Amino acid sequence: MRTNIAQVLAINQRNLRYVYTYNPRRHFPVADDKSLTKALLARHGISVPETYAVYQWFYQLARLPGDLDGIDEFVIKPAGGRGGGGIQVVTRLDSGRFQSGGEILGWGELRQHLADILFGVYSSGYTDRAIIEERLHPHHRLKKLSPFGLPDIRILLWREQPALAMLRIPTRRSRGKANLHQGAIGVGIGLAHGITTHAIAGTQRIVDHPDTGERLIPFTIPCWQETVSLAVAAARQVHLKYLGVDISITDTGPRILELNARPGLQIQLANQTGLRSILAQLEAESPADDEL
Amino acid sequence: MARRNRQIAYTIILIVLLFTPLGLSWYKLFLLDYSFADLIPAVGYRVDLSMQIDGHGSDITLATYLPKTDYRQVVSEEENAAPGFTFSLENQHLNRRATWQAENVTGHRTLRYSYTIRAKHVQYRLPEILPLPSSYPENLSRYLREEEGIQVNDPLIDATLARILGNDRSNMTQILRAIHRYLQDEFANKKFSGFTDALTALKLKEGSCNGKSRLFIALLRRLGIPSRLVGGLILTPGSKRTSHQWIEAYINDQWVPFDTINDHFAELPAHYITLYYGDLSLFRHTTNINFQYQFKILKKLLPKREILAQLDRADYNILDMYGIFEKIGISHNLLKIILMIPFGALVVVFFRNVVGVETFGTFLPALIAAASRETGLLWGLVGFVLVIVTVALLRRLLDWLQLLHSPKMAILLTVVVLIMLSITAISVSYGNIDLAHMTLFPIAILAITAERFAIVATEQGTCKALTITATTAVVIAACYTVMDSLFLQSAVLAFPEILLVLIGLNLWFGKWIGIRLVELIRFRHLIFKDMRP
């Protein structure tokens with residue numbers, strides 16, 4: 001059993017050896033605050049969803065109708081939100097009515113949600129910024145796999161080298177969120193060719209989407225090489241060297257959704273491989289300096 | 001290079017933290033002569049006497065005997081809870097009498113008196129040959145007389161003595177043994193709470209505790225051995241409605257106990273306590289009041305008070321904490337809570353980093369466990385769950401009303417406080433004092449708990465929030481168990497340097513990168529993959 005445990009990277013070790021060592025705390029904000037992430041990446045020409053508005057203060061909410069003039073669909077996101085909490089995908093019905101998640105909303109409800117974000121409901125009680133950004137539509141080939149919400153690709157990089165990757169597909173149970181802990185499906189992707197290898201829902205290994213029956217493996221991810229390059233480019237721009245990059249692949253190519261300074265360990269289950277051997281191999285190929 | 005320095009520093013700090021306390025403790029134990037055994041808490045009992053009466057408009061008086069601290073028992077933490085009744089305590093020569101009085105009593109009333117008591121096991125070794133003294137001091141003469149119910153001079157007593165002892169009446173030890181065995185073996189024990197005099201017990205050859213005791217005394221007094229009845233209680237955890245009686249005989253200038261119901265010869269076990277001496281009734285009360293009583297007995301571990309006092313005076317109590325805290329009026333109790341919180345924190349660390357459970361707030365479980373000290377673990381958890389449930393239900397309503405975040409949290413907290421107050425009021429009127437102590441829950445803890453739950457519920461769903469509630473409850477229970485340990489409390493009071501060891505342990509956990517138990521389960525398919533055939 002000893003050799004088997006050696007494959008899996010567990011959280012104590014991830015924290016002590018990787019996150020604490022390669023992700024200095026003072027650089028967390030650039031990953032935790034999506035508005036900072038987008039600003040940094042956009043500055044370096046790395047594709048991100050277009051930003052329509054960013055709100056930091058309560059009084060700014062008064063100009064909401066003006067900011068959304070001419071925009072018929074958008075996404076409201078807490079800048080500091082984790083796990084997809086607080087994300088609202090909104091479509092406009094007419095000048096004063098919107099639809100989101102099957103409910104009809106007015107300006108009041110939209111402002112309420114933005115106010116909640118500002119007051120820190122989705123960021124553990126700390127005040128936060130609210131972002132309104134472009135609504136992305138998944139690549140037409142990915143649409144079939146994921147009818148319940150926007151799927152994304154998570155690539156884990158260590159010292160700017162890709163280590164593991166997975167496709168996260170929302171389900172009915174996850175209520176449209178591509179978050180594995182809330183019920184989304186994780187599908188491991190072979191780094192070399194972008195072909196899916198294994199899939200898990202919770203701790204169960206699956207082959208088909210539990211809600212639609214659509215076959216998940218094997219499947220070739222569109223724009224794969226472009227996606228990986230984009231992830232590496234992003235990793236080069238931040239001082240966090242144990243990094244999770246979340247990418248959405250659209251018909252016009254990949255876009256970076258967010259960065260994660262504490263990438264989860266579920267990616268190992270999606271790939272049915274432990275990280276320790278992979279990281280050890282990357283280490284062997286280019287040994288790390290003794291100090292950072 | 002810096003990494004190597006860090007490693008060396010870490011190792012040095014760890015060694016210092018683990019060995020300095022050992023050195024200090026060794027110093028205290030061997031050079032200052034602390035006795036470790038004395039530090040271990042002793043088994044004691046919490047006795048709760050409740051008396052119920054029905055008044056019909058007249059004046060009522062109740063009296064009973066309360067235990068006294070003597071050579072083998074220590075009474076402490078006495079509490080009287082008899083609203084409406086005037087309470088008075090009378091210290092008689094041998095006994096301590098409590099009286100409750102009230103005028104114009106109508107309706108059902110409950111009176112309660114509780115105390116903590118610890119008793120020692122005593123065993124007397126009688127010499128094989130012990131001659132009967134020819135005379136006794138004058139003040140013992142009343143222990144030789146005939147009394148109502150103890151018919152010393154009845155011919156039947158003589159006849160019985162002749163049968164048991166024959167002619168040889170020179171050896172007191174032998175006499176006592178013979179009579180004790182006679183009563184223990186040839187008289188069937190009988191649970192009878194009425195008055196049985198010596199002769200009736202003899203004639204029926206069956207004995208309740210008071211019947212056999214009176215007979216024993218009759219026989220002894222006839223032989224000229226001073227003896228007296230003792231009334232007391234056998235402390236078995238639970239409820240009981242009977243007291244117990246045994247005797248003491250005056251041997252070699254000492255009163256030696258004998259019980260012929262449970263066969264204790266010249267011995268009194270640690271779970272026997274003495275309530276009074278003499279042929280008296282445990283309770284006296286006004287007639288026609290439907291008097292009922294019940295003893296509720298709880299086993300407890302109690303620190304040996306003599307040691308606490310000794311520590312107070314010790315010179316090398318490293319921090320001289322007692323002096324400091326006494327000066328600003330902080331009780332031993334509060335000091336103990338403060339000293340135990342690091343243990344609670346260590347328990348939380350273990351559950352988070354080794355077992356892998358999630359909790360609300362890093363050290364909230366330890367704080368809630370500390371707050372549960374007044375209420376006990378059960379009601380502490382009830383209070384915790386109550387806060388959670390209130391928040392969970394109320395949150396939906398408040399979300400629907402669409403309020404800003406901070407005022408919403410304030411409303412939740414205020415409602416929780418209102419509910420706690422209501423519960424206290426209700427539980428006092430039902431006589432459940434334990435539950436009423438829930439209002440002592442520090443507001444800060446309630447506030448933190450309420451907000452954490454609300455945020456997790458909003459961010460990750462109510463289901464997840466309830467799961468974390470359950471795991472937090474488990475950790476609270478674990479913290480409480482450790483923090484409530486009388487042994488650890490006594491140890492840390494005597495050896496506060498133990499806290500340095502705790503720091504050392506946390507240092508060690510700080511570098512522990514083993515796989516958590518929860519992860520072992522979560523990644524089990526990966527970990528045990530190659531083991532399947």
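Just after helix α4 of chain A, A:Gly45 adopts a positive phi of about 75 degrees. The model is a predicted one, in which local features need pLDDT of at least 70, side-chain atom pairs count only at pLDDT 80 or more, and totals for chains, interfaces and linings use all residues. Residues are numbered from 1 along each chain as its sequence is written, while chains are lettered from A and ligands numbered from 1 in the order in which they are written.

Chain A holds 10 helices and 13 strands, taken as DSSP runs (helices H or I, at least four residues; strands E, at least two) and numbered from the N terminus. Of its 292 residues, 43% are buried, that is, they have 20 or more other C-beta atoms within 10 Å of their own, with C-beta atoms placed from the backbone.

Helix α4(A) spans residues 34-43, and its buried residues are A:Lys34, A:Ser35, A:Thr37, A:Lys38 and A:Leu41. Seen down the helix axis, these fall within an arc of 160 degrees, so they line one face of α4(A); the arc is that of the directions from the axis to the C-beta atoms. Their packing partners in chain A include α3 (28-32), β1 (51-55), α8 and β13.

Two of these partners lead on to the sheet. Seven strands of chain A make an open, antiparallel sheet in the order β11-β10-β9-β8-β7-β12-β13, where two strands pair if DSSP finds at least two bridges between them. Strands β11 (204-206) and β13 (253-260) of chain A stand at the edges with a single partner each, so one side of each has no neighbour in the sheet. On average, neighbouring strands are turned by 30 degrees against each other, direction ignored. Seven bridges join β12 (residues 242-250) to β13 in chain A, and A:Ile249 stands opposite A:Pro254 in β13(A).

Helix α8 (residues 224-237) of chain A packs on this sheet, touching β7, β8, β12 and β13, and its direction makes about 140 degrees with that of β12(A). Helix α10 (residues 275-285) of chain A lies across β7 and β8, at about 145 degrees to β8(A). Such angles run from 0 to 180 degrees between N-to-C directions, with axes fitted to C-alpha atoms, for helices over the stretch in contact.

Turning to the interface, 29 residues of chain A are in contact with 27 of chain B, contact being C-beta atoms, placed from the backbone, within 7 Å. On the chain A side, α2(A) gives the most, with five residues.

Note on methods
Contact = placed C-beta atoms within 7 Å. Buried ≥ 20, exposed ≤ 12 C-beta atoms within 10 Å, placed from the backbone.
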